[in-house]
Amino acid sequence: MIRIIYLITPYLFYCASAQNIVCYYDSHAASYPTPLSPDALSPAKCTHYTYIGIGLTTKGEIRLLNENFDTETGFLFFQNLRTADSKLMILLGGIYESSATFSTAVASYPDTLINNIALFLTRHNFDGIDIDWRYPANRGGQSSDKVNFQKFIIRLRARLNMINKLLAVSVSPSKAVFSNAYDSTTLSLYADMINVYAFNFTDGVEIWTNNVAPMYSDNTSPISVNSSIVDWIATKVRKDKLNIVVATYARTYTLARATRTTVASPISGPGPAGSNTQKAGYLAQYELCPQKTNYVTVADDSTKTVYYTKDLSWISSETSDTLAEKYSYAVINGLGGVAIYTLDWDDWNNDCGMGEFPSVAVAQDYLYSGTNDA
């Protein structure tokens with residue numbers, strides 16, 4: 001008997017390292033008091049625009065997260081971002097979907113979910129899917145998730161090849177999480193991009209101040225961008241598929257005592273919500289700029305971080321300099337590129353006076369201009 005073996009060849013989009021600038025957009029931003037619609041994103045000039053998006057049910061059905069806006073306006077305006085140099089992605093899951101839902105769907109209805117993904121991409125004219133399961137075998141998932149997710153990715157890749165679509169997978173930065181969640185060989189072979197969420201390294205209830213994304217570790221920040229990427233590369237993953245995901249938002253805290261203002265100082269809770277984004281503990285860059293004017297600025301060269309303090313207020317945020325460190329790191333280490341999470345938390349209206357979408361502009365300087373001597 002002759003056995004026929006089908007070789008599934010991953011669809012490769014970029015071959016050169018440090019070329020990807022992936023930009024996320026959360027459609028909930030269209031509901032802010034001062035809304036941001038996808039038709040205002042074109043000045044960002046990203047290689048991939050990722051629309052957050054869609055969720056799923058335990059039976060593998062696709063559900064819209066912002067139904068009225070997505071189908072009536074959001075997807076239509078988002079299509080206008082497509083150019084000869086950019087691709088349009090849709091994100092499945094993320095912060096709006098539970099690990100338990102993913103776990104059940106992938107284990108019990110993988111073919112249904114795969115077919116629904118393919119139909120959705122075709123119907124709404126997206127170039128690919130970003131699978132953002134936070135995280136397999138964690139947060140309500142099952143111990144079998146790693147194997148089930150591995151099988152799912154292989155089968156999804158085969159289906160996407162039939163319709164010429166991209167596959168990205170967003171992953172945890174923490175070795176304690178990703179070692180039980182993903183098979184790095186499978187991701188290397190079948191994903192076009194692997195997006196490492198290299199920020200907010202704390203998990204669970206926070207009781208002290210934390211830098212949003214230290215570049216390097218110290219005794220107050222044991223997990224950092226560098227330690228995460230080093231740990232991922234140690235799994236033998238293809239590093240030219242890794243994108244460092246940076247956060248555009250600032251993390252804010254209310255200090256327990258005004259006399260304790262360093263990193264790892266006790267807090268009484270999150271900082272006040274911004275007037276537009278309205279989420280306690282977070283500020284968009286355009287909300288941060290006018291607020292930090294009278295704050296004390298503290299830069300830490302060892303971790304490449306910056307934070308701001310005033311009375312009981314404590315804020316950690318990226319700056320053009322800290323972003324430059326991360327973008328330069330991606331170039332020097334031969335990674336796939338970087339990702340901006342999200343455009344709607346960036347300074348999209350030039351309120352800070354550094355141009356529209358400055359987080360993307362700095363990435364373009366470092367990835368495409370050879371300015372990588374930070």
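Visitor: What volume does the second largest cavity have?

Guide: The second largest cavity has a volume of about 40 Å³. This is a predicted model, where local features need pLDDT of at least 70 and side-chain atom pairs count only at pLDDT 80 or more, while totals for chains, interfaces and linings use all residues. Residues are numbered from 1 along each chain as its sequence is written, and side-chain values use heavy atoms, with hydrogens and water left out.

Visitor: What counts as a cavity?

Guide: On a 1 Å grid over the protein atoms alone, a cavity is a set of points where a 1.4 Å probe fits but cannot get out; a pocket is an open set with protein on both sides within 12 Å along at least five of seven lines. Lining residues have an atom within 4 Å of a point. Points are joined across faces, edges and corners, and a volume is the space filled by probe spheres set on them.

Visitor: Which residues line the second largest cavity?

Guide: Among them are Asn211, Lys304, Ser316 and Glu318. Strand 13 (305-310) and helix 9 (320-332) are the elements that give two or more residues to this lining. Helices (H or I, at least four residues) and strands (E, at least two) are DSSP runs, numbered from the N terminus.

Visitor: And the pockets, how much space lies in the largest pocket?

Guide: About 940 Å³. The largest pocket is lined by 39 residues, and Ile95, Asn200, Tyr249, Lys279 and Tyr282 lie nearest its centre. Strand 10 gives the most to that lining, with three residues.

Visitor: How much space is in the second largest pocket?

Guide: About 240 Å³. Its lining has 15 residues, with Gln285, Glu318, Thr319, Ser320 and Met354 nearest the centre. Helix 10 (358-368) is among the elements that give two or more residues, and helix 10 gives the most, with three.

Visitor: Changing topic, is Val205 buried or exposed?

Guide: Val205 is exposed, with a relative accessible area of 78%. Buried means under 20%, exposed over 50%, and partly exposed in between (1.4 Å probe, protein chains only). Val205 sits in the loop between strand 7 (193-197) and helix 7 (225-233).

Visitor: What about Phe78, buried or exposed?

Guide: Phe78 is buried, at a relative accessible area of 1%. Phe78 is found in helix 1 (residues 67-79).

Visitor: How far apart are the C-alpha atoms of Phe78 and Ala107?

Guide: They are separated by 32 Å, and the two residues are 29 residues apart along the chain.
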